[in-house]
Amino acid sequence: MPYCEARCLRGAPDSPCPEDECLVLQARQGDAEARERLFSLLAPCVLQHARRLCAADGIAQDLAQAALVLVLEHLSELRRPDRLGGGVKRIVINTYRMEERRHAARAQAEQFPPDAESPFC
């Protein structure tokens, strides 16, 4: 029996709803099983998006993990549970961009340490 049929929150047993929508609704309410199932359904998709952005597999896996944590932390902010896929893709892209900015800031900080004399003085 699909998860939705067993625990549907929409209260309409005669009209099936998308399973992922019910998983999101259950996960929002703190259902640990729904969160685990949602995580396992999203993980391959998130990793696929991350691999498109990163050449190195290890970096892609780190990116996917960070993005999945953000997805689960911000489920309550998702306005349309039926559009989870688009939101997840956006989170992966934004996570990638944040990491790129951090990397660039670190590289710049290493180039000009704070205790070094400024080349412009």
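This is a predicted model: local features need pLDDT of at least 70, side-chain atom pairs count only at pLDDT 80 or more; totals for chains, interfaces and linings use all residues.
User: Which residues make the contact between α3 and α4?

Analyst: On the α3 side they include Arg35, Leu38, Phe39, Leu42 and Val46, and on the α4 side Ala60, Leu63, Ala64, Ala67 and Leu68 are among them. Contact here means heavy atoms within 4.5 Å.

User: What makes the length of α4 close to the one expected?

Analyst: The expected span of a helix is 1.5 Å times one less than its number of residues. Helix α4, residues 57-73, has 17 residues, for which 24 Å is expected, and α4 reaches 24 Å from its first C-alpha to its last.

User: How do you know that the buried residues of α4 line one face of the helix?

Analyst: The buried residues in α4 are Ala60, Leu63, Ala64, Ala67, Leu68, Val71 and Leu72. Seen down the axis of α4, these buried residues fall within an arc of 160 degrees, so they line one face. On the other side of α4, Ile59, Asp62, Gln65 and Glu73 are exposed.

User: What do the buried residues of α4 pack against?

Analyst: They pack against α3 (32-53) and α5 (84-111).

User: What makes α4 oblique to α5?

Analyst: The axes of α4 and α5 come within 9 Å and cross at roughly 125 degrees. Roughly perpendicular covers 65 to 115 degrees and roughly antiparallel begins over 145, so α4 is oblique to α5. This crossing is right-handed. Leu63, Ala66, Ala67, Leu70 and Val71 are the α4 residues that meet α5, where their partners include Val88, Val92 and Thr95.

User: Why is Thr95 called buried?

Analyst: Buried means under 20% relative accessible area. Thr95 has 3% relative accessibility, so Thr95 counts as buried. Thr95 is found in helix α5, and beyond its neighbours within four places in sequence, Thr95 is in contact with Leu63, Ala66, Ala67 and Leu70. Leu84, Val88 and Val92 in α5 are buried as well.

User: How do α3 and α5 cross, and what makes α3 oblique to α5?

Analyst: Their axes come within 10 Å and cross at roughly 45 degrees. Roughly parallel requires an angle under 35 degrees and roughly perpendicular starts at 65, so α3 is oblique to α5. Here too the crossing is right-handed. Among the residues that meet are Leu38, Leu42 and His49 in α3, and Leu84, Lys89 and Ile93 in α5.

User: How do you know whether Arg83 is buried or exposed?

Analyst: The cut-off for exposed is over 50% relative accessible area. Arg83 has 52%, so Arg83 is exposed. Arg83 sits in the loop between α4 and α5. Its C-alpha lies 8.4 Å from that of Glu21, 62 residues apart along the chain.

User: Why is Arg80 called partly exposed?

Analyst: Partly exposed lies between the two cut-offs, under 20% for buried and over 50% for exposed. At 40% relative accessibility, Arg80 therefore counts as partly exposed. Arg80 also lies in the loop between α4 and α5. Arg80 and Glu21 are 59 residues apart in sequence, and 8.7 Å separates them in space, C-alpha to C-alpha.

How values were computed. Residues are numbered from 1 along each chain as its sequence is written. Side-chain values use heavy atoms; hydrogens and water are left out. Helices (H or I, at least four residues) and strands (E, at least two) are DSSP runs, numbered from the N terminus. Buried means under 20% relative accessible area, exposed over 50%, partly exposed in between (1.4 Å probe, protein chains only). The arc is that of the directions from the helix axis to the C-beta atoms. Axes are lines fitted to C-alpha atoms, for helices over the stretch in contact, and angles run from 0 to 180 degrees between N-to-C directions. A crossing is left-handed if the near helix is turned anticlockwise from the far one by less than a right angle, and right-handed if clockwise.
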